[in-house]
Amino acid sequence: MSELRPTPPPALDVNGLGIDYRASGRRVSAVTEVSFTIAPGEFVALVGESGSGKTTLAGAVTGLLPGNSIIHSGTLTLGGVEVTSLSEKKWSRLRGHKVGLIPQDPGASLNPVLTIGAQIAEIFAIRGERLGRTERRIRSIELLQIAEVSRPADRLSQYPHELSGGLKQRILIAIAFGLNPSLLVADEPTSALDVTVQKQIMSLFDRLAHEHDSSVLFVTHDLALATDHASRALVLRAGRLVEDAPVEDLIRFPRTSYTRELISHARATQTAPAATPSDTAPLLQVRNLSKQFAARRGADPVLAVDGVTFSLPAGQTTALVGESGSGKSTAARMILRLTEPTAGEIILNGRDTTQVTGRDRLAHWRAVQMVYQNPDSALDPRWTVGRIVAEPLNAMGIGDRNSRRARVQELLNAVSLPSDTIDRRPSELSGGQRQRVAIARSLAPSSSVVVLDEALSALDVITQERVLELLGRLQRDFGVAYLFISHDLSIVRRIAQHVVVMQSGRVAEQGTTAEIFDTPRSPYVRELIAAIPGRRWLHDDVSASRKDSIA
Amino acid sequence: MVLEQSPTPIPANRRTGRRLTRLPVPGVATVLAALVVVMVAAWLVAPALFTSYDPITGESGDTFLPPSFAHPFGTDHLGRDLLARMIYGTTQTAFTAGLAVVVGLLLGTTVGVVSSTLGPVAEAIGMRTVDALIALPSFMVALFVVASYGAGPVPLGIGVGIGSIVLFARVTRAEIQRIRGREYVEASLLSGSGYWRQLFGHVLPNAAGALISLAVIDFGAAVLAVSSLGYLGFGTPPPTPEWGLIVAEGRNYLANAWWMTTLPGTLILVVVITLGIVSRYVGKATRV
């Protein structure tokens with residue numbers, strides 16, 4: 001390292017960095033002794049779970065740490081300029097041209113009351129260029145064209161709320177590259193976007209980073225996405241850097257068991273053979289289900305779900321897949337009888353439950369239960385775990401006091417929670433444990449169908465892996481059928497026997513998991529599958545052919 | 001796959017926390033305010049422990065004594081110790097203000113619950129009534145009630161309480177709107193819970209923090225309102241000591257005995273402010 005000192009200084013040099021947060025009188029360590037460099041033009045991924053300190057690190061590099069943070073050791077050098085304890089005033093001079101940020105949530109990062117044109121024009125002010133009106137307009141349109149924004153001239157007079165998430169992210173990318181920073185920090189830039197949009201945005205990002213010769217620090221929780229785009233990857237765990245290696249080495253020779261776990265998870269989602277469906281009678285049938293939402297003033301009524309037909313075999317998993325706005329959640333809510341269908345039938349165990357309303361839905365809910373995406377808001381923070389899991393038993397009047405207590409213990413046992421969790425409250429549990437509690441509650445009334453609404457999306461990959469295994473085991477032990485609602489095809493592939501792909505309210509394609517993944521018929525499904533990240537190094541066939549081409 | 005079934009271990013420091021919430025560390029102001037509130041509460045229970053003077057009958061030789069070590073608040077025109085009158089007056093004032101809070105809390109919460117859970121018609125009626133009440137100053141509402149039902153601590157408490165219904169109804173509604181969006185309420189419905197079970201199991205317990213915090217600060221406001229109406233003569237008739245009445249009695253002697261109005265007035269002010277500080281802490285402590 002020391003022999004080959006490059007003539008230009010590294011775009012970023014982090015040396016022994018330690019950051020603490022002060023919270024109610026205590027100090028919590030967020031980042032400990034992290035050291036790495038990013039050479040000019042290098043694309044480095046920073047991979048870590050939530051709480052690993054990756055966002056803190058990104059904040060430190062952009063000078064955007066919150067006020068209660070303290071950098072207590074180490075140095076940060078941006079392109080040869082030490083910035084460890086820079087004042088906000090000096091930082092604001094560096095931001096933009098030395099370091100740029102592409103934020104996580106494009107919706108929250110554009111000012112809702114200014115037009116896109118006005119926000120792009122800020123670039124020229126920051127660069128100190130005094131341009132005339134026409135000149136500014138021409139340059140703005142050029143920038144949007146570079147970011148492949150459709151109809152760029154029209155966009156300048158539009159407001160952020162008129163644009164889709166993908167377009168907003170393109171505009172933010174245009175703004176970031178417009179200042180041409182030597183280092184770009186992208187903090188989970190695509191995590192709020194659908195997979196197909198993610199793919200487009202990432203290829204745009206790749207191209208621009210290459211053309212501008214920018215160094216990139218790409219922060220993500222998704223190892224597959226990281227390995228697809230970065231040349232080097234840093235793995236952060238509990239505030240410490242556990243791995244710093246070129247992507248190929250990382251995949252082939254991971255140094256820590258943690259990295260191995262991350263890789264095996266990412267691999268499993270690429271190659272896991274689809275579970276084989278067996279022939280069982282349909283437990284739940286959905287026929288021609290439609291939902292039309294009343295029109296807003298001056299607009300046509302929205303057909304959120306349009307003639308959806310599928311069936312759910314007992315004891316197996318059917319995945320309902322689609323991008324945001326495809327109607328999958330509305331369909332699920334109708335199946336749960338929480339939303340009234342406009343038309344169609346929901347048949348459970350041969351009985352039409354579509355007409356059942358009010359308290360009569362109780363019988364339906366004894367059989368069909370739900371697990372929500374976010375266990376934080378799905379569990380009452382004031383209730384103990386025991387009371388939460390017993391709620392269906394109490395409310396539906398199943399069993400007596402003693403049998404309920406025994407049932408709760410049995411359920412907690414089944415979801416592998418230690419028996420002393422029964423008296424704890426959700427705030428004392430980790431995210432994965434909370435989701436286990438929610439799963440235990442959904443199984444409490446001996447339900448035969450559990451609707452899992454993006455139930456794994458809020459969890460970290462390793463936790464996801466464990467909950468996935470749990471779900472498989474519970475299915476084998478209790479014979480429960482899952483309706484697995486997800487936008488994440490890679491997970492669907494591992495858990496489902498049947499897949500129903502929805503696109504703008506209709507079923508685009510349905511079949512067994514093997515059929516959908518191996519021989520997709522519709523172009524939309526092919527596009528969805530192609531957009532799953534991890535093609536470059538993780539997918540066995542692809543990496544094999546890649547090795548050939550390299551040889 | 002090298003993963004075993006065991007779920008992620010709980011960090012050791014979480015094991016100790018069995019409480020619902022660990023109470024936030026109170027600041028200096030909160031501690032001082034709490035001390036004042038505790039002291040005033042003690043006056044309520046055992047006034048005789050804090051003063052040896054009689055609040056009703058004075059020493060005829062001790063009229064208009066300025067504040068001194070023997071009489072920290074001075075004496076009044078009948079030679080009564082003013083601090084003793086304030087200490088004994090706590091019962092009257094706190095009882096009336098407490099009644100006001102109970103009336104406001106119960107009626108306000110009911111209006112809030114009814115208008116936000118029983119459909120659009122109930123909402124329209126409940127909230128428009130509340131909007132109409134907002135248009136009237138709560139002090140005036142209290143005056144109306146006292147004027148029509150006669151002076152005395154009970155009508156006064158009810159009157160002041162009706163004036164604060166608006167606040168409680170608005171806060172209740174806002175809290176219910178927030179809580180109803182939480183998935184645990186829907187999960188409760190899916191679990192088979194009916195209206196009452198959801199209301200008393202999830203909605204009200206989660207709204208309680210904000211309401212208790214509001215009740216504490218409203219108690220301060222009620223003390224002020226009760227004292228003000230007592231000053232105007234709508235409360236307890238003399239010679240029973242009551243904070244507002246004590247200030248009113250001093251009014252005639254403003255020129256020669258400033259302490260008769262100033263010191264009791266300051267005490268009322270201090271109590272109201274300390275209740276505000278305590279309320280803020282209660283709000284923080286009940287947040288989950």
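R27(A) is partly exposed, with a relative accessible area of 48%; here buried means under 20% relative accessible area, exposed over 50%, and partly exposed in between (1.4 Å probe, protein chains only). The model is predicted, so local features need pLDDT of at least 70 and side-chain atom pairs count only at pLDDT 80 or more, while totals for chains, interfaces and linings use all residues. Residues are numbered from 1 along each chain as its sequence is written, chains are lettered from A and ligands numbered from 1 in the order in which they are written, and side-chain values use heavy atoms, with hydrogens and water left out.

The side chain of R27(A) meets that of D20(A) in a salt bridge of 3.2 Å, N to O. A salt bridge is a side-chain nitrogen of Lys or Arg within 4 Å of a carboxyl oxygen of Asp or Glu, and the count over all chains is 31. D20(A) is buried, at 10% relative accessible area.

A second salt bridge joins K328(A) and E454(A), with the closest N and O atoms 3.9 Å apart. This pair links distant parts of the chain, 126 residues apart: K328(A) is in helix 12 (residues 328-335) of chain A, and E454(A) is in the loop between strand 17 (449-453) and helix 18 (461-478). Helices (H or I, at least four residues) and strands (E, at least two) are DSSP runs, numbered from the N terminus. Both K328(A) and E454(A) are buried. E148(A), R170(A), R207(A) and E211(A) are linked in a network of salt bridges.

Aromatic rings come next. Rings of Phe, Tyr and Trp (its six-membered ring) pair if their centres lie within 6.5 Å; planes under 30 degrees apart count as stacked, over 60 as edge-to-face and the rest as tilted. The whole structure holds 8 aromatic pairs over all chains. F43(A) and F205(A) form an edge-to-face pair, 5.9 Å centre to centre with 85° between the planes. F43(A) lies in strand 3 (residues 43-47) of chain A and F205(A) in helix 8 (residues 195-212) of chain A, 162 residues apart. Both F43(A) and F205(A) are buried. In chain B, W196(B) and F200(B) are stacked, at 6.0 Å centre to centre and 15° between the planes. W196(B) and F200(B) are separated by about one helical turn because they are 4 residues apart in helix 9 (residues 195-231) of chain B. W196(B) counts as exposed at 57% relative accessibility, and F200(B) counts as exposed at 53%.
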